[in-house]
Amino acid sequence: MGRKALFGEKQKSGPGRKARKQSDPVFPGLSIANDFKSGNIPTLKRKRKKNSKNKANKMVKSLSQPKQLKPEFESDVESDNASDETVRIGSPQSDIEESNIRRKVSKDKTTEKMKKAKKFKLSLVPVPEEESSEEDAEVETRNLSAVLEGESDSDVAMHETDSENGNNDMSFNQQDDEGEDEDRDENDVTSNEDSSDDEKSSDDELPIERASRKLQRKQKQIAKLANEELMETNVTNGPELVLPDDEEIKNELGASDLTLVKQRISDIIYILSDFSKRKDPNKSRTDYINVLTKDLCSYYNYNEYLMERLIELFHVSELKEFLEASEVERPVTIRTNTLKTRRRDLAQALINRGVNLDPIGKWSRVGLIIYDSQVPIGATPEYLAGHYILQGTASLLPVMALCPQENERILDMCAAPGAKTSHIAAIMKNTGILFANDINTDRCKAIVGNLHRMGVVNSVVCSHDGRKFTSVLTGFDRVLLDAPCSGTGIISKDPAVKSNKEEKDIKHFSHLQKQLILAAIDCVDANSKTGGYIVYSTCSVLIEENEWVIDYALKKRNVKLVPTGIDFGKEGFIKYREHRFHPSLNLTRRFYPHSHNTDGFFVAKLKKFSNIIPKSSSADGKRFVIALIREM
Ligand SMILES: C[S@@+](CC[C@H](N)C(=O)[O-])C[C@H]1O[C@@H](n2cnc3c(N)ncnc32)[C@H](O)[C@@H]1O
């Protein structure tokens with residue numbers, strides 16, 4: 001697994017880096033050849049002598065065989081020196097001139113490219129000091145950015161050959177660079193790149209030592225450049241920022257260009273991250289937060305209420321990461337249905353169909369991440385045969401926390417469309433009895449369809465209001481409450497959440513969740529021999545739908561929080577603004593798109609230790625119901 005299947009041959013886009021034909025040799029001068037002919041190179045060591053000899057031989061041979069420039073080379077010279085027609089280079093002098101032209105063109109272009117690279121790669125590019133470093137730096141920049149983007153060597157090679165096909169300038173530069181690299185390797189005498197260092201180092205220095213020294217020098221340059229850039233950014237930020245008033249913000253919002261807004265977001269975040277030092281003395285934190293809220297709303301299309309909740313939830317710099325990650329879709333993941341197949345076999349079958357995949361991670365034995373696929377992943381024969389289900393990574397976590405056992409009686413209180421139900425059934429190995437309930441009868445059809453396809457035979461699908469499920473059945477070993485929620489953790493899937501979830505919606509969900517969790521607890525038998533557990537989960541990141549609900553349940557019922565068994569994710573909050581939650585809320589887990597590359601998710605696991613409903617809570621319960629009625 002993890003190996004990419006080769007389905008169809010890759011189109012050859014040109015010779016590889018190593019195999020590429022070198023451009024015609026370029027001679028900085030004839031002195032070496034003449035020296036060699038006269039035997040006047042006394043200080044060279046044996047290997048260098050050999051290299052020089054080879055090179056001189058090549059030079060002599062080349063001089064005796066006049067060559068024509070290659071078309072791509074010609075076009076480059078032509079473009080930069082329009083008056084120069086294609087030239088036959090037949091004399092040493094013209095070779096030298098040719099070499100100079102080539103070097104000039106190459107240097108100009110390399111410098112230009114370096115400037116571009118510097119602009120986009122920011123701190124990753126070394127400052128060019130001399131021609132050869134520029135060329136090395138460029139190659140390194142390409143490689144480094146390839147590494148950062150997760151490309152393999154072959155990918156880098158592919159880019160190079162692509163550029164060869166598509167862009168003569170690129171091709172010319174690369175060939176020229178490589179040619180010069182080889183010259184340096186072949187003959188250090190003519191290289192001025194390391195001359196000063198070479199003087200310092202001993203003649204016996206190993207190539208690897210020389211390379212290492214060169215690398216260190218580049219790293220220093222990178223650090224220096226990064227620092228300079230940081231300083232530059234800092235200088236333009238902070239004190240120079242003038243906060244606009246409401247009228248100005250309104251006018252800006254009318255404009256289609258959000259560049260100004262984006263810049264101000266960065267500036268304000270910069271100031272807020274060290275407020276006492278960077279603030280304008282005449283402005284308060286609230287002033288900055290107000291403008292930031294408006295700017296973020298207009299830039300990312302959120303309503304103000306939701307943005308305010310998120311600003312309260314995250315540190316400003318983390319908030320931006322969350323917002324950015326919520327704009328990007330999560331990777332496609334599937335869960336192997338172990339009732340029908342094994343992950344290894346499924347992976348192989350899908351690889352054979354042209355799917356590029358990997359296991360999700362060590363923590364799951366059934367999940368697979370799909371990088372790309374030549375077939376629609378929701379319509380393969382394996383899918384139709386129920387060998388897998390499309391399921392987000394985070395949605396595996398509540399079932400793992402529930403930890404179903406064979407032969408138990410389990411309730412999935414809000415089950416549609418049944419992804420988690422079928423996961424539970426698979427872990428139970430189709431034993432015991434599993435109730436899949438959902439208030440929405442239409443959505444219950446989806447549960448039935450999924451359970452059929454997946455070969456689940458231990459389930460009863462029913463449609464009741466979960467809040468009243470105690471009047472239907474109780475005495476379960478475990479209950480999963482994957483509660484209806486605002487969906488603030490899955491904004492990348494449903495961007496409408498950003499604008500359509502208002503305060504009243506969050507309040508509505510929070511109340512519904514509190515009612516559902518009490519019902520879920522009441523459905524569980526505290527004396528279950530194997531269980532007595534309730535798992536609560538949402539795909540929301542808001543405290544009102546998560547920690548508040550659990551804290552409420554802890555007060556109302558004889559339950560305690562226990563570890564979820566998931567060894568990643570962030571701890572739930574135990575304090576939030578003026579609120580203080582039960583300290584055990586640190587046992588709950590939060591998952592975020594920007595930190596875990598999963599949907600935003602919350603998971604809590606409760607153990608019921610008594611079936612008695614605390615008396616005080618019944619009075620509270622009445623008050624709660626009255627409050628609810630008033631709000632409706
Ligand atoms: C987050 S979805 C459940 C997803 C499901 N667990 C899965 O993994 O496929 C929440 C579900 O709760 C259902 N729901 C909403 N209110 C309910 C209630 N009072 N009782 C039972 N189900 C309810 C909705 O119809 C919706 O299907």
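Asn430 sits in the loop that joins helix 19 to strand 8. In this predicted model, the phi angle of Asn430 is near 60°, a positive value in a residue that is not glycine. Most residues other than glycine have a negative phi, and most peptide bonds are trans. A cis peptide bond is also present here, running from Ala416 to Pro417 with omega near 5°. Pro417 belongs to the loop between strand 7 (409-412) and helix 19 (419-427).

Asp482 places a polar side-chain atom 2.8 Å from a nitrogen atom of the ligand. For Gly466, a backbone N or O atom lies 2.8 Å from a ligand nitrogen atom. Gly418 likewise takes part through its backbone, with an N or O atom 3.3 Å from an oxygen atom of the ligand. Of the 600 Å² of accessible area that the ligand has on its own, the protein covers 87%.

The database record can be set beside this picture. An unreviewed UniProt entry lists Asp438, Asp465 and Asp482 under "binding site". These residues span 45 residues in sequence, yet no two of their C-alpha atoms are more than 13.8 Å apart, so they gather at one spot. Asp438 is placed in the loop between strand 8 (433-437) and helix 20 (441-453).

For the complex, the predictor reports an ipTM of 1.00 and a pTM of 0.64. The protein chain has a mean pLDDT of 74, with 62% of its residues reaching 70 or more. Residues 59-201 form a stretch where pLDDT stays under 50, and the model has 192 contacts beyond four places in sequence for them. The pLDDT is also below 50 over residues 231-239, a stretch with 7 contacts in the model beyond near neighbours in sequence.

Definitions and conventions. Residues numbered from 1 in each chain as written. Predicted model: local features only at pLDDT ≥ 70, side-chain atom pairs only at ≥ 80, totals over all residues. Heavy atoms only, no water. pLDDT = per-residue confidence, 0-100. Contact = heavy atoms within 4.5 Å. Polar contact = N/O pair within 3.5 Å; in protein donor to acceptor, adjacent residues only side chain to side chain. Areas by Shrake-Rupley, 256 points an atom, 1.4 Å probe, with all protein chains shown as cover. UniProt positions renumbered as here; feature names shortened; annotations may be inferred. Helix = DSSP H or I, 4+ residues; strand = E, 2+ residues; numbered from the N terminus.
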